[in-house]
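Subject: Structure for you to look at

Hello,

Please find below the structure I promised to pass on.

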Amino acid sequence: MSPMDLRGLVPAPVTAFTADGEVDQAANADLARWLVSVQGVKGLVCLGHAGEGTYLTPEEQITLIRTLVDAVEGRVPIIAGITTEGTRTAALEAKRAADAGAIGALVYPSHGWLRFGFQKGAPQERYRAIHEESGLQNILFQYPDATKASYDLETQLEIAAQPGTVATKNGVRNMRRWDTEIPVLREQFPDLQILTCHDEYLLHTMFDVDGALVGYGGLAPEPLVELIAAGKAKDYAKAREVHDRLLPVTKAVYHRGSHMEGTVALKIGLKARGVLRDATVRQPLQPLGERAAAEIEFALKQAQLI
């Protein structure tokens with residue numbers, strides 16, 4: 001199978017629920033169809049942070065993948081977040097995703113590494129096992145530098161060299177590391193697709209990448225496609241214009257007390273845009289309240305998205 005072409009916008013959409021908290025398959029299919037109707041959207045990532053993937057049962061996860069696969073009708077690949085803790089369990093999770101129709105795997109670090117760090121070679125083995133068990137095309141996920149699950153450059157390079165690794169989603173949030181590590185990845189692996197996931201400050205990274213894999217893309221795909229195009233053209237003035245136009249939405253969604261609140265805000269924004277009927281989230285996420293809804297709606301109006 002040819003490598004996925006992710007050179008553009010790859011939204012990581014929210015998971016829509018009914019008012020009583022059940023996965024709303026019809027709403028998720030509608031959301032997927034809306035997103036892939038935007039020219040420049042190159043794939044969809046489900047079961048990640050924005051999609052509350054770890055809050056779904058295994059049965060719900062598989063059903064959601066199938067729903068998205070059916071909805072997009074082959075226009076773009078569906079990529080599944082692989083999040084379980086152990087290497088073996090992650091490989092089996094990936095196999096289930098592949099059987100449901102996923103093409104790619106966004107490989108999360110084992111969550112224990114966030115606090116305690118990882119042993120040398122363990123991330124490489126995780127990626128190897130997932131690809132060999134499932135055949136999914138892997139996306140290397142670089143976590144923020146503030147965590148202990150942020151991979152050093154040697155680890156990134158070794159994962160990039162492994163069969164099945166086609167892209168990296170980089171959210172290091174340390175611009176010193178970004179400016180020194182991304183050029184090395186680019187030089188040593190020219191075919192590795194570099195995707196930024198810095199939702200809350202995309203401008204700096206937009207000039208070095210092939211695309212963006214962001215939850216933000218599930219709310220504002222149209223201007224983000226513009227931003228990616230401006231970055232590829234090295235048109236700073238245009239990129240700055242799009243960034244500034246979006247800044248009220250960025251602040252309303254991501255400049256909150258916790259980055260996790262961004263998922264709730266994305267749903268509120270999609271409801272304001274008329275894309276979702278309901279903004280229900282699952283525990284441990286909490287509703288943001290009427291004041292936040294008014295702020296997000298006002299920001300979307302400022303950005304000319306409603």
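A pocket, on a 1 Å grid over the protein atoms alone, is an open set of points where a 1.4 Å probe fits, with protein on both sides within 12 Å along at least five of seven lines; a residue lines the pocket if it has an atom within 4 Å of a point. Grid points are joined across faces, edges and corners, and a volume is the space filled by probe spheres set on the points.

The model is predicted, so local features need pLDDT of at least 70 and side-chain atom pairs count only at pLDDT 80 or more, while totals for chains, interfaces and linings use all residues. Residues are numbered from 1 along each chain as its sequence is written, and side-chain values use heavy atoms, with hydrogens and water left out.

The largest pocket has a volume of about 510 Å³. It is lined by 29 residues, of which H49, F141, R173, D199 and H259 are the closest to its centre. Two or more lining residues come from each of β5 (137-142), β8 (211-214) and α10 (261-272); these names refer to DSSP runs numbered from the N terminus, helices being H or I with at least four residues and strands E with at least two. The largest share, 3 residues, comes from α10. By class, the lining has 15 nonpolar, 10 polar and 4 charged residues. Here Ala, Val, Leu, Ile, Met, Phe, Trp, Tyr, Cys and Pro count as nonpolar, Asp, Glu, Lys and Arg as charged, and the others, Gly among them, as polar.

The second largest pocket has a volume of about 200 Å³. Its lining includes V264, I268, K271, Q283 and A293. Again α10 gives the most, with 3 residues. The classes are 8 nonpolar, 3 polar and 1 charged.

The sheet

An open sheet of 8 strands runs in the order β1-β8-β7-β6-β5-β4-β3-β2, with parallel pairing; two strands pair if DSSP finds at least two bridges between them. Why is one side of β1 and of β2 left without a neighbour in the sheet? β1 (9-11) and β2 (44-46) stand at the edges and each has a single partner strand, so one side of each has no neighbour there. The twist averages 25° from one strand to the next, where angles run from 0 to 180 degrees between N-to-C directions and axes are lines fitted to C-alpha atoms, for helices over the stretch in contact. Strand β7 (residues 193-196) is joined to β8 by 2 bridges, and T196 has A212 in β8 as its bridge partner.

Helices

Helix α5 packs on the sheet and touches β3 (78-82), β4 (104-107) and β5, contact meaning heavy atoms within 4.5 Å. The direction of α5 makes about 155° with that of β5. The axes of α3 (residues 87-99) and α5 (residues 122-134) come within 8 Å and cross at roughly 35°. Among the residues that meet are A91 and L92 in α3, and A129 and I130 in α5. By class, this contact has 7 nonpolar, 2 polar and 5 charged residues.

Backbone

The peptide bond from Q283 to P284 is cis, with omega near 15°. P284 lies in the loop between α10 and α11 (290-302). E73, in the loop between α2 (58-72) and β3, has phi near 50°, a positive value in a residue other than glycine.

Regards
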